[in-house]
Amino acid sequence: MSRLIVVSNRTPGKGPAAGGLAIALRKTLAEREGFWFGWSGRLVDQPDREARFEDIDGLSVAQIDLTRDDHHDYYAGFSNSILWPSFHLRLDLATIEAHWYEGYRRVNVQFARALLPLLKPDDVIWVHDYHLMPLASELRNLGARNRIGFYLHIPFPTSDALYAIPHHNDLMRDLSRYDLVGMQAKRDVAAFTEFADHQSPSSLSGNPLKSVDFSRTEVDSFPIGSDPDAFARLSVSPAATKMVKRMERVLREQKLILGVDRLDYSKGLPQRVEAYEKLLANNSRFRRQVHMLQVAPPSRDTIKEYQETSDALDAMCGRVMGRFAEPDWQPLTYVKRAYGQPSLAGLYRLAKVALVTPLRDGMNLVAHEYVGSQNPADPGVLVLSRFAGAAEIFDGAIEVNPFDTDETAEALRIALDMPLDERIDRWTRLMHAAREHNVDAWAARFLERLAPATTAGSGTRDI
Ligand code: ADQ
């Protein structure tokens with residue numbers, strides 16, 4: 001079998017920081033004698049051109065360093081101040097600085113130059129996420145003829161949002177240099193198709209700049225998942241139980257409503273707290289009976305829009321506390337730090353309701369992890385944004401429009417009042433979907449499609 005090379009912005013860290021993707025791909029990489037390629041996390045004045053190999057917990061990793069300026073323009077700049085907000089339809093939060101694009105391309109060229117000498121002709125390359133859209137182009141410009149696949153972890157934007165991105169046509173041309181482009185959800189494939197169809201030369205006569213030939217690129221949805229059975233085991237592990245005991249002492253008989261997210265404006269955190277405020281305002285019987293815990297460690301906090309989201313959330317939590325707290329009852333706790341997976345699994349299991357209400361999200365793995373961690377005899381309820389990719393596979397959730405805080409407040413009420421038999425029925429369907437779409441199945445499906453010998457199945461869109 002040909003080797004597999006996985007490429008992402010950051011190479012996986014050691015231990016629990018590795019994340020689900022690294023854990024899922026470790027086995028495949030070992031079986032296929034491949035390696036993981038990416039940025040080392042180091043910023044230096046004069047980076048080596050060649051990648052360094054390292055063994056990280058049994059995973060073979062090849063890394064390069066970057067300069068501070070290149071990294072800034074590529075990562076905080078073009079990737080996270082232009083692509084991330086635009087792909088999440090938050091053009092109001094995008095900052096456009098023209099020179100960032102050069103840094104973005106420069107880093108992609110550096111990735112390609114350092115990776116190319118490590119490749120064998122039949123290696124299969126799997127590139128991850130929006131930071132690296134140009135990588136196949138740059139590799140092909142250097143002569144690579146390998147099968148190269150790309151997976152977009154975030155949503156694909158509508159055409160209007162895409163047109164607002166500087167150099168969007170170059171980026172789409174970059175995507176057309178991949179053999180396979182995978183997206184999280186069918187809605188993303190539909191948005192891509194809409195773009196591909198409308199920029200065809202016939203509809204834009206005389207504008208050759210706009211036409212991108214996608215005829216050699218296969219595009220399809222491959223919804224990512226977690227490992228729900230691993231979360232089921234973790235949720236009753238000693239570390240999880242310790243967290244549960246700690247929380248039970250504070251909660252006494254109150255029902256726990258839980259949110260777990262990176263602190264990011266796409267996650268709809270102020271709207272979520274506002275919905276909770278409305279629950280308490282509209283239903284006084286829940287006061288002293290419920291407690292909301294929002295866990296949200298800061299991320300990308302050098303970017304102004306992230307600091308503003310953090311301030312907005314602080315203000316919203318303060319308002320709810322000021323309005324409803326009593327000397328012996330706090331309506332909510334807001335924790336700005338990350339927890340290990342066992343502690344999270346414990347919190348998931350204890351929570352009667354999980355509020356997963358992003359304004360827009362590629363998939364949302366917290367929804368999967370919550371489902372995996374439930375007690376089958378007494379499961380909690382998932383309140384899920386219809387704008388998360390997860391909504392396409394989880395029909396057992398209560399689906400909400402996260403912009404409509406009245407609707408989310410009502411969904412919360414329904415979830416808190418839901419009888420046991422309905423909770424079991426819904427959770428059974430959710431767990432079935434989480435297992436069917438687990439992370440191993442996701443990787444296997446994508447790689448099977450990318451591997452040269454296989455033929456395309458039904459539901460494929462050849463563009
Ligand atoms: P993210 O935007 O980071 O990922 P998500 O899918 O929810 O969003 O993944 C977050 C991960 O971080 C989960 O595994 C969760 O357990 C963990 N996490 C969150 N808060 C934590 C905390 N306080 N402590 C510890 N761990 C925490 C991007 C896309 C998503 C897509 C994923 C995977 O934006 O839409 O689902 O990639 O493709």
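A residue is called buried here if 20 or more other C-beta atoms lie within 10 Å of its own, exposed if 12 or fewer do, and partly exposed in between, with C-beta atoms placed from the backbone. The model is a predicted one, so local features need pLDDT of at least 70 and side-chain atom pairs count only at pLDDT 80 or more, while totals for chains, interfaces and linings use all residues. Residue numbers start from 1 along each chain as its sequence is written.

Leucine 89 is not a glycine, yet its phi is positive, at about 60°. Leucine 89 sits in the loop between α2 (68-87) and α3; helices (H or I, at least four residues) and strands (E, at least two) are DSSP runs, numbered from the N terminus. Having 17 C-beta neighbours inside 10 Å, leucine 89 is classed as partly exposed. Asparagine 364, again not a glycine, has a positive phi of about 100° and belongs to the loop between β12 (353-356) and α13. Asparagine 364 is buried, with 25 other C-beta atoms within 10 Å.

Next comes the nonpolar core, meaning a set of buried Ala, Val, Leu, Ile, Met, Phe, Trp, Tyr and Cys residues joined through C-beta atoms within 7 Å. The largest such core has 142 residues, and Val7, Leu382 and Val383 have the most contacts inside it. Helix α3 (residues 100-115) contributes the most to this core, with eight residues. Beyond its neighbours within four places in sequence, leucine 382 touches Ala354, Val356, Ala367, Tyr370, Val371, Phe394, Ala397 and Leu430, a contact being two C-beta atoms, placed from the backbone, within 7 Å.

As for α13, eight of its eight residues are buried, so this helix is largely enclosed by the rest of the structure. Helix α13 (residues 365-372) and helix α15 (residues 420-436) have axes that come within 9 Å and cross at roughly 120°; axes are lines fitted to C-alpha atoms, for helices over the stretch in contact, and angles run from 0 to 180 degrees between N-to-C directions. The two helices, α13 and α15, are therefore oblique to each other, given that under 35 degrees counts as roughly parallel, over 145 as roughly antiparallel, 65 to 115 as roughly perpendicular and the rest as oblique. On the α13 side the contact involves His368, Val371 and Gly372, and on the α15 side Trp427, Leu430, Met431 and Ala434. By class, the contact of α13 with α15 has five nonpolar, two polar and no charged residues, where Ala, Val, Leu, Ile, Met, Phe, Trp, Tyr, Cys and Pro count as nonpolar, Asp, Glu, Lys and Arg as charged, and the others, Gly among them, as polar.

Also in helix α15 is isoleucine 424, which is partly exposed with 15 other C-beta atoms within 10 Å. Isoleucine 424 and valine 381 are 43 residues apart in sequence and 9.2 Å apart in space, C-alpha to C-alpha.

Helix α10 (residues 269-282) packs with helix α14 (residues 405-417) at an angle of about 60°, the axes being 8 Å apart. That makes α10 and α14 oblique to each other. Their contact takes in Gln271, Glu274, Ala275, Tyr276, Lys278, Leu279 and Asn282 of α10, together with Thr405, Asp406, Thr408, Ala409, Leu412 and Arg413 of α14. The contact of α10 with α14 divides into five nonpolar, four polar and four charged residues.
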